[in-house]
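Please walk through this structure with me, from the overall fold to single residues. Keep the model in view while reading.

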Amino acid sequence: YPILAAVRGLCLGGGFELALSCDLIWAASDAKLGSPEATIGTIPLGGGSRGIAARAGVARAKEMLYEGKWYAAEKLEQWNIVNKVLPDAELNEQALKYMKKLCDGATLAHAITKKLHSEYYSNGLDSTDELLIEIVPPLFETENFINGDNSLLENGPGKAKFNAR
């Protein structure tokens with residue numbers, strides 16, 4: 001299943017690294033996020049540099065890690081590190097609603113999406129293309145695909161009902 005980090009308040013150091021390890025990051029509008037490790041003479045040890053670079057690029061990761069600053073959620077949304085910023089009062093409700101929708105959706109396809117992105121980040125495009133050819137065709141034989149395809153033809157896009165498996 002997809003994993004969403006819902007962040008409020010301060011999300012620094014190891015907490016930020018944990019959020020970066022999730023598929024999506026949603027943050028409250030007053031949240032502050034960052035990797036302040038340089039301010040104490042060290043670097044993120046839990047994948048923070050890699051996580052920032054994967055979301056925002058190497059140059060932005062270096063900037064954030066060299067400076068060790070805390071950043072407003074809106075700024076990190078502009079840099080593609082945070083996916084969505086919401087008012088604090090709406091964060092939990094909207095995050096739960098969204099995740100329920102994903103969990104009731106095409107979970108087999110979601111799992112393959114996660115696997116392909118992980119493969120790309122670890123081994124590059126050629127390896128990802130090879131894996132794609134191997135793991136996607138079996139999806140076309142699943143009940144979820146058949147239901148989704150039939151629903152598309154009969155009802156239009158976005159109206160399929162899936163078995164959450």
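The model is a predicted one. The protein chain holds 8 helices and 6 strands. Along the sequence they come in the order β-β-α-β-β-α-α-β-α-β-α-α-α-α. A box of roughly 55 × 40 × 20 Å, taken along the principal axes, is filled by the C-alpha atoms of the protein chain. The chain has 165 residues, and 36% of them count as buried.

Rolling a probe the size of a water molecule over the atoms shows where empty space is left. The largest pocket has a volume of about 770 Å³. Its lining is made of 23 residues, and L20, C22, D23, R55 and H117 are the closest to its centre. Which elements give two or more residues to this lining? They are α1 (14–20), α2 (48–56) and α6 (107–123). The most comes from α6, with 7 residues. Sorted by class, the lining of the largest pocket has 10 polar, 8 nonpolar and 5 charged residues.

The second largest pocket holds about 250 Å³ of space. Its lining consists of K101, L102, D104, G105, A106, H110, G158, K159, A160, K161 and F162. By class, 4 of these lining residues are nonpolar, 3 are polar and 4 are charged.

Now turn to the charged pairs. How many salt bridges does a search of the whole structure find? The search finds 5. One of them joins the side chains of K114 and D23, with 3.1 Å from N to O. K114 lies in helix α6, while D23 sits in the loop between α1 and β3 (24–28), so the pair ties together parts that are 91 residues apart in sequence. K114 is partly exposed, at a relative accessible area of 29%. D23 is partly exposed as well, at 32% relative accessibility. D23 also belongs to the residues closest to the centre of the largest pocket.

Another salt bridge links E63 with R60, and the closest N and O atoms are 2.9 Å apart. How far apart in helix α3 (residues 58–67) are E63 and R60? They are 3 residues apart, so about one helical turn separates them. E63 is partly exposed, with a relative accessible area of 28%. R60 counts as partly exposed too, at 26%.

A further salt bridge brings together the side chains of E67 and K69, at 3.5 Å from N to O. E67 has a relative accessible area of 38% and is partly exposed. K69 is also partly exposed, at 42% relative accessibility.

The surface has a nonpolar side to show. Y120, Y121 and L125 form a nonpolar patch there, with about 320 Å² of accessible area together. L125 has its place in helix α7 (residues 125–135). Is L125 buried or exposed? L125 has a relative accessible area of 52%, so the residue counts as exposed, since the cut-off for exposed is over 50%.

Two loop residues complete the tour. N80 lies in the loop between α4 (73–78) and β6 (84–86). N80 is not a glycine, yet its phi is positive, at about 65 degrees. With 52% relative accessibility, N80 counts as exposed.

P138 is found in the loop between α7 and α8 (143–155). At a relative accessible area of 44%, P138 is partly exposed. That value falls between the cut-offs, which are under 20% for buried and over 50% for exposed. C103 is 35 residues from P138 along the chain, and 20 Å separates their C-alpha atoms.

To look back, start at the largest pocket, where α6 gives the most to the lining. Then follow K114 in α6 across to D23 in the loop between α1 and β3. From there, the patch of Y120, Y121 and L125 can be found on the surface.

Conventions
Residues numbered from 1 in each chain as written. Predicted model: local features only at pLDDT ≥ 70, side-chain atom pairs only at ≥ 80, totals over all residues. Heavy atoms only, no water. 1 Å grid on protein atoms, 1.4 Å probe; cavity = no way out; pocket = protein on both sides within 12 Å on 5 of 7 lines; lining within 4 Å. Points joined across faces, edges and corners; volume = space filled by probe spheres on them. Helix = DSSP H or I, 4+ residues; strand = E, 2+ residues; numbered from the N terminus. Nonpolar A, V, L, I, M, F, W, Y, C, P; charged D, E, K, R; others polar. Patch = residues over 30% accessible without salt bridge, like charges linked within 9 Å, V, L, I, M, F, W, Y side chains within 5 Å. Areas by Shrake-Rupley, 256 points an atom, 1.4 Å probe, with all protein chains shown as cover. Salt bridge = Lys/Arg side-chain N within 4 Å of Asp/Glu carboxyl O. Buried < 20%, exposed > 50% of the residue type's maximum accessible area, 1.4 Å probe, protein only.
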